[in-house]
Amino acid sequence: MKAQRKPLILVLATIIIAAIVVVVWGTKGKEDTKEMKSLPPVTGQPVLGDEKAKVTVTEFGDYKCPACKAWGERILPQLQADYIDSGKVKFSYVNVLFHGDESLLAALAGEAVYKQNPEAFWDFHKEVYKRQPESHDDVWINEDLLTQIAKETVPTLDEARFLADMKSKEITGFIGEDEKLVQAYNVQLTPTIAVNGKVLEDPYDYEKLTELIEEALQ
Ligand code: CA
């Protein structure tokens, strides 16, 4: 009896060891970054921080996306305190319109604010995300809300100009440029976060984000 049991234990042990090897290999093989074809251009995009900063963090985001709200509220403030305010990193935001008309409307408003008062853009940007309701499937983005936010966040807002700009060829053209970037850089998810063109598999992995920044700073 004993002689028969031994091989069974050996077989089981071999299976367990093989399973562990597969799991470890699988984890090792899974990449935590993906290289973009190049650094997405920042020209014409809102930039937070020193434009001459060596490292660029790019967000492809959508105002109607709850994961983007979470990223903007959890990760961006930390990134700003650790790297943007000290001039090591500049941050740029590109509009993605995965949620239809509301995404478009908010993006148009953002571009109109940026045109009128680039410094006020980031306050506007943060406030739009702040107003995103928990039940994000609700229809909540409309011209009145965006005008209200612009009035609150943009000092000396020219409201008539803001509304006219939202419908202008120029601002629509900026959205078209963003859509081209989304296509060209094969953006499939929001938020897509890239450090000098290296995309984080997990945009909330702050440790990995800082690792990529430190690498790029050297
Ligand atoms: Ca843009």
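Analyst: Start with threonine 33. Its relative accessibility is 16%, so threonine 33 counts as buried; the cut-off for that class is under 20%. This is a predicted model, so every value here is computed from predicted coordinates. Threonine 33 sits in strand 1, which covers residues 33–35. Setting aside neighbours within four places in sequence, threonine 33 is in contact with Val199, Glu201, Lys208 and Leu212.

Next comes tyrosine 204. This residue occupies the loop between strand 6 (198–200) and helix 9 (206–217). Tyrosine 204 has a relative accessible area of 25%, so it is classed as partly exposed. Neighbours within four places in sequence aside, tyrosine 204 is in contact with Ala67, Ala70, Trp71, Arg74, Ile75 and Pro191. Take isoleucine 75 from that list. Tyrosine 204 and isoleucine 75 are 129 residues apart along the chain, yet 6.9 Å separates their C-alpha atoms.

Trp71, one of the contacts of tyrosine 204, leads on to the rings. Ring pairs join Trp71 with Phe91, Tyr114, Phe121 and Trp122 in a cluster. Over the whole structure, the search finds six aromatic pairs. In one of them, tyrosine 63 and tyrosine 93 have ring centres 5.4 Å apart and planes at 45°, so the pair is tilted. Tyrosine 63 belongs to the loop between strand 3 (55–61) and helix 2 (66–74), and tyrosine 93 to strand 4 (residues 89–95), so the pair ties together parts that are 30 residues apart in sequence. Both partners are covered. Tyrosine 63 has 1% relative accessibility, so it counts as buried. Tyrosine 93 has 2%, so it counts as buried too.

Phenylalanine 121 and tryptophan 122 make an edge-to-face aromatic pair, with 4.9 Å from centre to centre and 85° between the planes. Phenylalanine 121 and tryptophan 122 are both buried. They belong to helix 5 (residues 121–131).

Now the chain as a whole. Its secondary structure amounts to nine helices and six strands. The radius of gyration is 23 Å, well over the 17 Å that the globule rule gives for 218 residues, so the chain is more spread out than a compact globule. The C-alpha trace spans about 90 × 45 × 30 Å along its principal axes.

Buried residues account for 44% of the 218 in the chain. Consider contacts between residues at least 6 apart in sequence: 80% of them join residues at least 24 apart. The pairing of tyrosine 204 with isoleucine 75 spans 129 residues.

Last, the surface and the charges. The chain exposes about 12,200 Å², and carbon and sulfur atoms supply 56% of that area. There are 25 positive and 36 negative side chains. The centres of these two sets lie 8 Å apart.

Technical notes
Residues numbered from 1 in each chain as written. Predicted model: local features only at pLDDT ≥ 70, side-chain atom pairs only at ≥ 80, totals over all residues. Heavy atoms only, no water. Helix = DSSP H or I, 4+ residues; strand = E, 2+ residues; numbered from the N terminus. Rg over C-alpha atoms; globule rule 2.2 N^0.38 Å. Buried < 20%, exposed > 50% of the residue type's maximum accessible area, 1.4 Å probe, protein only. Contact = heavy atoms within 4.5 Å. Areas by Shrake-Rupley, 256 points an atom, 1.4 Å probe, with all protein chains shown as cover. Lys, Arg positive; Asp, Glu negative; His and termini not counted. Charge placed at Lys NZ, Arg CZ, Asp CG, Glu CD. Phe/Tyr/Trp six-rings, centres within 6.5 Å; stacked < 30°, edge-to-face > 60°.
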